[in-house]
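Reader: Please take me through the labels attached to this model, setting each value against its definition.

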Amino acid sequence: MSRVADADCFFGGREELLSPDDSMNACFTAFDKDRDNRLSVVEFGGLCRALFRNDAGKPYLLEARKLAEMFSVFDKNEDGYIDREEFKMCWSKWIKTVVRPVSAFVIVDVQNDFISGSLAVCNCSAQHKGEEVVPVINEALDTIKFDVVAYSMDWHPNNHLSFVTNVAKYPMHPSSKVKAADAKLYDKVVYDGDPVKEQILWPPHCIQDSWGAELHPDLKIVDNALWIKKGYDPEIDSYSAFFDNAKISDTGLSRQLRQRGVTDVFVCGIATDVCVGATAIHSLEEGFRTIIMDDACRGVSAEDIETLKQDIMRNSGVIVATSQVKSMVQGRDRRPELGYKLALMLRDARPC
Ligand code: VGL
Ligand code: ZN
C-alpha cells in the first residue's frame, strides 16, 4: 500500500496514526527530503508546515525563532539533526498530541450570583451580560466531543474574608493602603497572616447552599462530569479551579485531568478577568495546552480582560471563538502556539 506521496498532506488523514511504527517511519521518510536519514532544521520546518494548519488546510505562520527552539528540544545530542532515534520522542510525545489531543472543557462559575445576583457582572464596569454564556456553552456541550467536562463553583462560607461585610473580622497587614475602617466594595486590602494575602473586597456571593451559588438553571449538565468546589476555606480566596490564590491547597483538578490523559484545557465561564483567568493561568502553569473560549466568557473590567488575554498569549495559550473549538478538539485545526507550549513542556520535564 503506498501512502504519503505528498508530505504536505501527511497529517491530513488521521488513520495514518493507527499503525504505530509504520506511520512514524513513513512520517520521518516523508519529510527527510534529501534521504540522509536525519531531519535538518529546514526539513523539520517542512514537517511543522504540514502539522500546524487550520481546518481548511492552510498553514499557520510559525516564527523562525520558535521553530529553532522546538527543533532543539528534539535534537537531544545537539548535532544539528533529528535522527530516527530522536524522532521517536518527537513522534510519540509531541506529534501524536498535536494531531490527537485529549480535551477537557472547564466551565467556571456559571452561578446565579455572577449573572443576576449579588455580584452580577452586568453591574460591573464592563457591563457584560453573564447569561449570554449559557447558550454558547450549551451548544458546545451538545456539538463537541470533549473527553472530559468539569464544572467549578465558587462556594463560600458566610464568614469568608473576600466579603466586604467581613473586613473587620480579619487582621489587616500594616502594608494595606486601605484600612479596615475605610474599606469599601472592590477595594484591595492586604490581610495579615502566613502568607500575607492581597484581597479584593466583593459583596457577599455564592454562599454555600444558597440560590446565588446554584448554577444558572438553563446551563446544561452532562453525565460523568468532574465537580470542583472552591473558596470554602474562610481564610483564603480561590479564584482558580486548580489552586487557592496563594497556591497552597489544591482542588485535585490537575490530578484528575492527568489521570484521564488530558493534554488540552478549554476554559470558559464567569468572570473572564477573575476566575476564568486564574484557572487558565494555573492550567498553563500545570503544563496543559490552554485555550480560552472568548465568546463563552463574560467579565468584570474591560481593561483587566485585555491584560488577561495578553498574559495568556504571552504564555503560549490561545484565545479562540467557540466556533473554532470543534476542529481543534478533533485535531484538524492545529495551533502552533500549542505545539510550541508542548515542546517547552517536554524540554523542561524532568527525565524519568
Ligand atoms: C469570582 C469574584 C469573586 C469569579 C469569584 O467567579 O470570577 N469573582 N469570587
Ligand atoms: Zn468568590
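Reader: Where is the place of Lys-247, and is Lys-247 buried or partly exposed?

Author: Lys-247 sits in the loop between strand 7 and helix 7 (253–259), where helices (H or I, at least four residues) and strands (E, at least two) are DSSP runs numbered from the N terminus. Buried means under 20% relative accessible area, exposed over 50%, and partly exposed in between, with a 1.4 Å probe and protein chains only; the 36% of Lys-247 therefore makes it partly exposed. This is a predicted model, in which local features need pLDDT of at least 70 and side-chain atom pairs count only at pLDDT 80 or more, while totals for chains, interfaces and linings use all residues. Residues are numbered from 1 along each chain as its sequence is written, chains are lettered from A and ligands numbered from 1 in the order in which they are written, and side-chain values use heavy atoms, with hydrogens and water left out.

Reader: What is the phi of Lys-247, and what is the phi of Asp-109?

Author: Most residues other than glycine have a negative phi, and most peptide bonds are trans. Lys-247, although not a glycine, has a positive phi of about 55°, and Asp-109, likewise not a glycine, has a positive phi of about 50°. Asp-109 lies in the loop between strand 3 (103–108) and helix 5 (112–115), and its relative accessible area of 0% is why it is called buried.

Reader: Which omega does the peptide bond from Asp-194 to Pro-195 have, and which omega has the bond from Ile-270 to Ala-271?

Author: The bond from Asp-194 to Pro-195 is cis, with omega near 0°, and Pro-195 falls in the loop between strand 5 (188–191) and strand 6. The bond from Ile-270 to Ala-271 is also cis, with omega near -5°, and Ala-271 belongs to the loop between strand 8 (264–270) and helix 8.

Reader: What makes the arrangement around the zinc ion (ligand 2) irregular?

Author: Donors are N, O and S atoms within 2.8 Å of the metal (3.2 Å for Na, K and Ca), and since water is not among the atoms, sites may look incomplete. Asp-154 (OD), His-156 (NE2) and His-205 (NE2) are the protein donors, at 2.0 to 2.2 Å. Four donors count as tetrahedral if all angles lie between 85 and 135 degrees; four count as square planar and six as octahedral if opposite donors are over 155 degrees apart and all others between 65 and 115; anything else is irregular. The 4 donor atoms subtend angles of 88 to 172°, which makes the arrangement irregular.

Reader: How do you know where the largest pocket lies relative to domain 2 and domain 3?

Author: Domain bounds come from an automatic or database domain assignment. Domain 2 (103–156 + 205–330) and domain 3 (164–201) both give residues to the lining, so the pocket lies between them. A pocket is an open set of points on a 1 Å grid over the protein atoms alone, with protein on both sides within 12 Å along at least five of seven lines, whereas in a cavity a 1.4 Å probe fits but cannot get out; lining residues have an atom within 4 Å of a point. This pocket has 28 lining residues, with Lys-188, Ile-200, Tyr-239, Asp-273 and Val-274 nearest its centre, and helix 8 gives the largest share, 6 residues.
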